[in-house]
Amino acid sequence: MKKIGWFLGVVAVIFAAGCAERIPVEDPLAVTVCAEEIKILKDPTLSANSQAKHEAAIRLTEQVDFSYTRNVATLLKFFSASDAHTSDDATILVFSYPYRKNDVQFRFRCSGTTVVSSEVVEK
């Protein structure tokens, strides 16, 4: 019971702070805090270039720090595999959410199932 109280306290502090500091992507709290954005990004009925996915991707960049990503499995908690683009040698994984003249890209360099670097680009 104490763990639930502690967890709710942490969530309340994050919301009270307006998510001023982004949550590390490997922190389980990130999935909880960003549940609505994740639901939209994983929705198979929406295309990657929809306004809803683009806006959810922007909100996700504001709340989650992807520089801490170390495992490809973590990415699949946030993004739909159908939105992924890979390089020919599968070392670069990109989730791109364009809308009109803007684009949000989550780029990850991988070695097997390990993410070795990450970059979030908003154009």
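Student: Why is Gln 105 called buried?
Tutor: Buried means under 20% relative accessible area, exposed over 50%, partly exposed in between (1.4 Å probe, protein chains only). Gln 105 has 11% relative accessibility, so Gln 105 counts as buried. This is a predicted model: local features need pLDDT of at least 70, side-chain atom pairs count only at pLDDT 80 or more, and totals for chains, interfaces and linings use all residues. Residues are numbered from 1 along each chain as its sequence is written, and side-chain values use heavy atoms, with hydrogens and water left out.

Student: Where is Gln 105 found?
Tutor: In strand β5, residues 102-111. Strands (E, at least two residues) and helices (H or I, at least four) are DSSP runs, numbered from the N terminus. The protein has six strands and five helices.

Student: Which residues is Gln 105 in contact with, leaving aside neighbours within four places in sequence?
Tutor: Contact means heavy atoms within 4.5 Å. Among the partners of Gln 105 are Val 94, Phe 95, Glu 119 and Val 121.

Student: Why is Cys 34 called buried?
Tutor: Cys 34 has 0% relative accessibility, so Cys 34 counts as buried. Cys 110, at 8%, counts as buried too. Buried residues make up 37% of the 123 residues in the protein.
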